[in-house]
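Here is a short report on a protein chain. Take a look at the model first.

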Amino acid sequence: KEPEITLTKDLKCLADNIYHESKGESLKGKQAVAQITMNRVYSRGFPSNVCEVVYERSKKICQFSWTCKKLNIIYDEHYEDSVIMADAVLNNLVRETKLNDSLFFHADYVRPKWKKKRVTKIGKHIFYE
């Protein structure tokens, strides 16, 4: 039986972000999205808590596009995986070292005009420093 995980505010915000940003991705893809979110929490250029990072807006641009769309969560196996991954990342149980300095990602069908260093592609997301 899976252990019960209490949904704290930070855990819920991180799980929601994983769910909306990487619902169809592998566990590695979910982990990468979670890690970028946490990298931002620990970076000077971003807010210092999970929920503020997830819901951050600059001007009218949402850092994570789903937060502008007011999307609902379906509490299914995808959300359950997101909660488990959020818990693992928050508790430093998993880490992808090549993403240690990464703060940005986008879906592979998006073409931003960023001048950032590409680090890797995991699933349908491209990650940058």
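Predicted model: local features only at pLDDT ≥ 70, side-chain atom pairs only at ≥ 80, totals over all residues.

Residues are numbered from 1 along each chain as its sequence is written, and side-chain values use heavy atoms, without hydrogens and water.

**Disulfides.** A disulfide is a pair of cysteine sulfur atoms within 2.5 Å. The count is two.

| Pair | Sulfur distance | S-S torsion |
|---|---|---|
| C13 and C51 | 2.0 Å | 100°, right-handed |
| C62 and C68 | 1.6 Å | about 80°, right-handed |

C13 sits in helix α1 and C51 in helix α3, 38 residues apart. Helices are DSSP runs (H or I, at least four residues), and strands are runs of E (at least two). C62 is buried at 10% relative accessibility; C68 is partly exposed at 35%. Buried means under 20% relative accessible area, exposed over 50%, partly exposed in between (1.4 Å probe, protein chains only).

**Core.** The largest nonpolar core has 33 residues; L14, V50 and F127 touch the most other members. Such a core joins buried Ala, Val, Leu, Ile, Met, Phe, Trp, Tyr and Cys residues through side-chain atoms within 4.5 Å. Elements giving two or more residues to this core include α1, α2 (27-41) and β5 (125-128).

**A buried charge.** E21 lies in helix α1 (residues 9-22). E21 is buried but has no salt bridge, that is, a side-chain nitrogen of Lys or Arg within 4 Å of a carboxyl oxygen of Asp or Glu. The nearest side chain of opposite charge, K69, is 7.9 Å away. Lys and Arg count as positive, Asp and Glu as negative; His and the chain ends are not counted.
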